[in-house]
Amino acid sequence: MANKNKFQSVTGMHDILPEDQKYYRKIYDVVSNIAEFYGFGKIDTPIVEETELFAKGIGLATDVVKKEMYNLKTKGDDSLSLRPEWTAGIVRSYIENGMHSLPQPLKLWYFGPCYRYERPQAGRYRQFWQFGFEIFGESSSVIDAQIIQIFYNIFKELKLKDLIIEINSVGDSNCRPYYKKLLSSYLKSRESSICPDCKRRFKENVLRVLDCKEEKCQPIKTEAPQILDHLCDECHSHFKEVLEFLDEIELPYTLNPYLVRGLDYYTKTVFELFSESEGGCKNALAGGGRYDKLVKLLRGRDTPACGAAAGTERIVSLMKAQDIEGAKEPETQIFLAQLGSMAKRKGLWLLEEFRKSKVRVAESFGKNSLKAQLNRADKLGAKYTLILGQKEALDGVVIVRNMKTGKQDVVKIDEVVAIVKKRLK
Ligand code: AMP
């Protein structure tokens, strides 16, 4: 009964509590350092965009647009949606801000929440954080390899174990229609044996049948024609070059002819990254590919592009499973203890003096017992505790206690910052 009145977070959405922030901070630090090294500029786009942008960009028949979008109508009758992914919004921004006139390739990265109305389960949330990288204005296969390398390097730097890259090509408007026809006619002869979901996919987006995880569909998939055997010359040589680049930089990849990705905008290369170690989920950590037609589709100039996104929650859960630490908390070297109201006032002033001098000081102004404050200082691993009692406050001095030896001396309050700074050196 009591619980009935309690508010709870919305299904599939979660708080990131202070104790978990260190994982998110570590990921952010690694990602932003790598982004800087490779010359990416950070972009933030609004969480909300016109629904039509996603419908057109991601594809009307995709699960993301059909079933998973958070749609809303404004008072002005605009149809808006919470972003289910970042790329469509970034492409909108690229076009709207005339970024094609900047030196190309233009490299952008991002970090922020996305929203998908999916069935919540391990590794699948309705609000989740993604970071990602996009490169515009370059059709060379080296870019595809570089994007993969960036994600691999991020995961390596985070010390995630047993990383594996799965890669495929989904062709382009030259060769994909023919392959789709081939796949459709193959599946038509086996339609009675595929699962109900695949029957739907067969009608809406036949490539997605290849993605099916149902037991009964596996033998049908194995015998299906494979897209890699039906790529046009351009897609074939592009894909070959990507693999050669990956060989050159010695990244561990496997070809996965069933990898098609859930969004419609991909052309040529598609890939996903996983961790295969214990504790690793079967869910991908990151996924992406080339999307040479998206900028034009969203009413911009014909601009080749390539990018990928990673899910932060999945990485955090893997870091925990693999005993990988988050960002280190800064050490507490100084603790300020006070006794009495005058000492509290002086203490508030002294704390600011330390802050201005960029020396971290912890305190427990709420505690009044010296013993409790010294215990807290011990727990935090402070090297020195500064003790300010009524008498010290009146005399304008502070007791400096060495927490290791227990030795104490008295110094002038005006000089304590400089003295402590010297002792910490
Ligand atoms: P996608 O473009 O859908 O493959 O998403 C890219 C990455 O975002 C995935 O590899 C996941 O790591 C992450 N991701 C996607 N959907 C979810 C979700 N519902 N919950 C948590 N992470 C997700």
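Student: Is Lys 358 buried or exposed?

Tutor: Lys 358 counts as exposed, because its relative accessibility is 76%, above the 50% cut-off. Keep in mind that this is a predicted model.

Student: Where does Lys 358 sit?

Tutor: Lys 358 is in the loop between α12 and β13, just after α12. Its phi is near 60°, a positive value in a residue other than glycine.

Student: Which residues of α12 are buried?

Tutor: Ala 343, Gly 347, Leu 350, Leu 351 and Phe 354. They lie on the same side of α12, because they cover an arc of only 110° around the axis. As background, an α-helix has 3.6 residues a turn, so residues three or four places apart point the same way.

Student: What do the buried residues of α12 pack against?

Tutor: Their partners include strands β12 (334-338), β13 (361-363) and β14 (384-388), along with α15 (416-424). On the face turned away from the buried side, α12 carries the exposed residues Ser 341, Arg 345 and Lys 356.

Student: OK, switching topic. How is the chain divided into domains?

Tutor: There is domain 1 (18-172 + 231-321), domain 2 (176-224) and domain 3 (334-424). The centres of domain 1 and domain 2, taken over C-alpha atoms, are separated by 25 Å. Their contact takes 15 residues from domain 1 and 11 residues from domain 2.

Student: How much area do domain 1 and domain 2 bury between them?

Tutor: About 1100 Å², with 42% of it on carbon and sulfur atoms.

Student: And the largest nonpolar core, how many residues does it have?

Tutor: The largest nonpolar core has 100 residues, and those with the most contacts inside it are Phe 131, Phe 133, Phe 151 and Phe 155. Helix α5 (residues 141-157) gives the largest share of this core, 9 residues. The core lies between domain 1 and domain 2, because both give residues to it. Another core lies apart from it, with 20 residues, among them Leu 336, Phe 365, Val 411 and Val 416.

Student: What is Phe 131 in contact with?

Tutor: Leaving aside neighbours within four places in sequence, the contacts of Phe 131 include Ile 27, Val 31, Tyr 110, Phe 151, Ile 154, Phe 155 and Ile 315. Of these, Phe 151, Ile 154 and Phe 155 are among the buried residues of α5.

Student: One more. Why does Thr 62 count as buried?

Tutor: Thr 62 counts as buried because its relative accessibility is 3%, under the 20% cut-off. Thr 62 is in the loop between α2 (51-58) and α3 (63-67). Not counting residues up to four places away in sequence, Thr 62 touches Gly 262, Leu 263 and Asp 264.

Student: Where is the cis peptide bond that involves Pro 105?

Tutor: The bond from Gln 104 to Pro 105 is cis, with omega near 0°. Pro 105 is found in the loop between α4 (87-96) and β5 (106-115).

Key. Residues numbered from 1 in each chain as written. Predicted model: local features only at pLDDT ≥ 70, side-chain atom pairs only at ≥ 80, totals over all residues. Heavy atoms only, no water. Buried < 20%, exposed > 50% of the residue type's maximum accessible area, 1.4 Å probe, protein only. Helix = DSSP H or I, 4+ residues; strand = E, 2+ residues; numbered from the N terminus. Arc of directions from axis to C-beta. Contact = heavy atoms within 4.5 Å. Core = buried A, V, L, I, M, F, W, Y, C linked by side-chain atoms within 4.5 Å. Domains from an automatic or database assignment. Buried area = accessible area lost by both parts, 1.4 Å probe.
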